[in-house]
Every structure is written in C-alpha cells, then in structure tokens.
Amino acid sequence: MIYADNAATTKMSRTAIDAMIPYLEEDFGNPSSLHTIGQRANEALTAARETVAQCLGAQPGEIYFTSGGSEADNQAIRSAARIGKARGKTHIISTAFEHHAVLHTLKQLEAEGFEVTLLDVGPQGMVTPEQVDAAIREDTILVTIMYANNEIGSIQPISEIGAVCKARKVIFHTDAVQAAAHLHIDVKAQNIDMLSLSGHKFHGPKGVGALYCRRGLQLYSLIEGGAQEKNKRAGTENIPGIVALAAAMEEATARIDENIAKVSALRDRLIAGLSQIPHSVLNGHPTERLPGNVNFCFEGIEGESMLLLLDDKGICASSGSACTSGSLDPSHVLLAIGRPHEIAHGSLRLSLCEWNTEEEVDAILEAVPQVVEYLRNMSPVWRDLTSGKTPFILQ
Ligand SMILES: *Cc1c(COP(=O)(O)O)cnc(C)c1O
C-alpha cells in the first residue's frame, strides 16, 4: 500500500516505538509514586517535557500534556474564555476553516453568551494580520487561528498575527497540530500565547498531545481529579505516550530542514502532475503550504468514489467531503475558500511524509488520472458538462 494520508495520522517511527517500550515494561510506574519505579517514570516525564519545550522555544514549565490535539484546543479556548468572562470580555476571533475541535468549542461558547467572529479566509485559504487587527475590539479576549490548515495545507502568517495580538493585548492561541515538528516554530519569537500539538501527526502515538501555555497566563483544568500537570490536567500521565511523543518530536525537529526539502519536492512533483488533469483546481495557497499537502478538486466526480477506487489500486488518500464522518455536507474548509458545493464534493487530499518516495508519487500520478477518467465516463453530471448542457465551473 502507498500511504498518502499523513494529515489524518502517521505511522509511528521506530525511534518513538523504541522509546516507549521500557515504560510499558520494566519502568511502568506511576510518576506520582515515591518508589524507584515510579520515580523512573517521573524522570522520563520531566525529560519529555524538556524536549517538547526545547522544540518549541518554550520553558518546560509551560508544557502541559493532554490526550491529544482536540483536548489541547478545548482547554486553550475554554481557559481564555474564562479569563475573558471574569474581565467582562466575551468576544473571540477565529476563522471559518478551523478544525472542529476549535469550531465546536466556539459554538458551545456562543451558546454560553460569547460572541465569535469568524474571519473570511479568502480563495487561497489565508488570513491576513490586517484582518485580525481590524476585527479586534475593546471586548476581545482571544484570537485563535490555526498554524496550517489540515485539509488544504495553507500556512498562516502566524508571527505577524502574533505581533498584532501582542500589540492589542489579546490572547493568541494557535492550533499547530499540522505544523508542529513539520515547520520551524518559536513560540516566543512568534508571540504565541498558547499552542496545541498532537503526537500522531508527526510519527508519535495517538491519544497524546500537548498544550503550550505562556507563563503568567492562567490555564484552567477541563478534567478534575489529582494534581498532575501542575493541577491543570488530572489523571495518571500517559508516560509511554508522552515519552514517545517527545522522541518523535525530537527526531522530526532534528531533521526538519531535510524533511521539508524532501517532502516539498515530492509534493511539487505531485501537484505538477495532477494539474495536467483537465477541469481540476489546486486548493490552498500555491507556495505557503505544508510540505506534505496536496489537495485538488476535480469537476464532475465524487470524492468518496475516488477514494474507494484509489484504495483498490493500493493508495490511501482522503477526501475533503465529510460523507465518511456521516454527513453529506462537503468540507467546511472547501466551502470557506469559496468552492461551490458540487466542486467541493469532488476533492482529493494526498498528504505525504518523508517516507514516501518518488516511485510512489509516480504510481499516484498514474492512478489518479485513470480513476478520474473512469468516474467521469460514467457520470451523468460529466455528460451534461461535456455536451454543453451545463457550463463547466473549473476550466
Ligand atoms: C488532527 C488534528 C486535530 C486533532 O488532534 P487529535 O490528537 O486527533 O485530537 C486538531 N487540529 C488539527 C489541525 C488537526 O489536524
């Protein structure tokens, strides 16, 4: 199989697996225990926190481990909202194409009396610092904007947005789940107050993530119980997961420039090849995009059918349309960049990592045009388009 769905999740690296095994076997202790086995686990936790902090340009005391990116997003946003409420500030700024972990939390906050402004992301899926500046009001408490979009890969001007938020004294959170360990991040230089990341997006394990929260900024717990994570996240720490997350992050960060160069080259080869398919369009920004992200819409076909046929040909990909998640609505991200419903339904996301090869990219470039042609040939929608009965949307 060719795995080209790394934005959904990644395969664990050997380094990450090897790092976690001792904490499943002999060093299985509870870090809160005072005996040797517990203390070994506690030392591993301390070391993992230092590693993650170092990869982000943060202090170890600013890193809180969570159950993943979703929890980190929820906790960051809920904490800022609580700070705001205490100060009578109940306005939050975000974008229309955030991950649902952000959007659904914001929806709940709206029901609780908060006001949310979702910035338009434009046709290339980009927010500008000027838009953020213009949207900030007296009662704005939080700006939450993702570092890079998980569907279309566009990378936001995070440093510039951070500077605006700092100048306007508004808390700035970024969902960096797609960016962490893939792009250079320095939370201090970029004026990021809170940042979410997740292990399984960079060859670490699922079910473990981290929240960076700048010192001096109050964090509130979502889960009550013991005093773990400085009282901000109760529950016995997932030591094997945390250790493996740190190992994966350290490994990817050490090779970041090499990985960016290699994966971007594969991405560009794929984009150049797929652009040859008539009546197609690349989604996302042409250059400001994640090294591994390729996302196209093909007119006249359904994304789901494309996925199943590609799977038959041994290629694991993903589609923006959310039928898989039980909804018939097309992706909110593709709608946010202005793709009409019928176009958004025909989307394909291929997300690469440093383990993909040129041969695999060439195999994808052979398979996708075949699948597109096959599906178009049996599509009544395509017949209407080619006969001129309905006009093409994509040229
Ligand atoms: C995967 C992802 C999440 C969710 O992370 P989990 O660890 O799966 O909860 C949040 N935001 C973005 C942008 C993601 O890609």
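## Salt bridges and a ligand site

Let's start with a pair of side chains: Arg137 and Asp139 form a salt bridge, with their closest N and O atoms 2.9 Å apart. Here a salt bridge is a side-chain nitrogen of Lys or Arg within 4 Å of a carboxyl oxygen of Asp or Glu. Before we go on, note that this is a predicted model, in which local features need pLDDT of at least 70 and side-chain atom pairs count only at pLDDT 80 or more, while totals for chains, interfaces and linings use all residues. Residues are numbered from 1 along each chain as its sequence is written, and side-chain values use heavy atoms, with hydrogens and water left out.

Arg137 has another partner: a salt bridge joins Arg137 to Glu115, again with closest N and O atoms, 2.9 Å apart. Arg137 sits in the loop between α5 (129-135) and β5 (140-144) while Glu115 belongs to strand β4, so this pair ties together parts 22 residues apart in sequence. Helices (H or I, at least four residues) and strands (E, at least two) are DSSP runs, numbered from the N terminus.

The salt bridge count comes to 16. One to look up is the pair Arg78 and Glu112, with an N to O distance of 3.0 Å. This pair links distant parts of the chain, 34 residues apart: Arg78 is in helix α3, and Glu112 is in the loop between α4 (100-111) and β4 (115-119). Arg78 is partly exposed at 23% relative accessibility, and so is Glu112 at 40%.

In total, 13 residues surround the ligand (a heavy atom within 4 Å), and the closest are Ser70, Asp175, Gln178, Ser198 and Lys201. A ligand nitrogen is 2.7 Å from an N or O atom in the side chain of Asp175. A ligand oxygen is 2.9 Å from an N or O atom in the side chain of His200, and a polar side-chain atom of Lys201 lies 2.7 Å from an oxygen atom of the ligand. Taken alone the ligand exposes 390 Å², of which the protein buries 87% (Shrake-Rupley method, 1.4 Å probe).

Key. A polar contact is a pair of N or O atoms within 3.5 Å; within protein, one must be able to donate a hydrogen and the other to accept it, and residues adjacent in sequence count only if both atoms are side-chain atoms. Buried means under 20% relative accessible area, exposed over 50%, partly exposed in between (1.4 Å probe, protein chains only).
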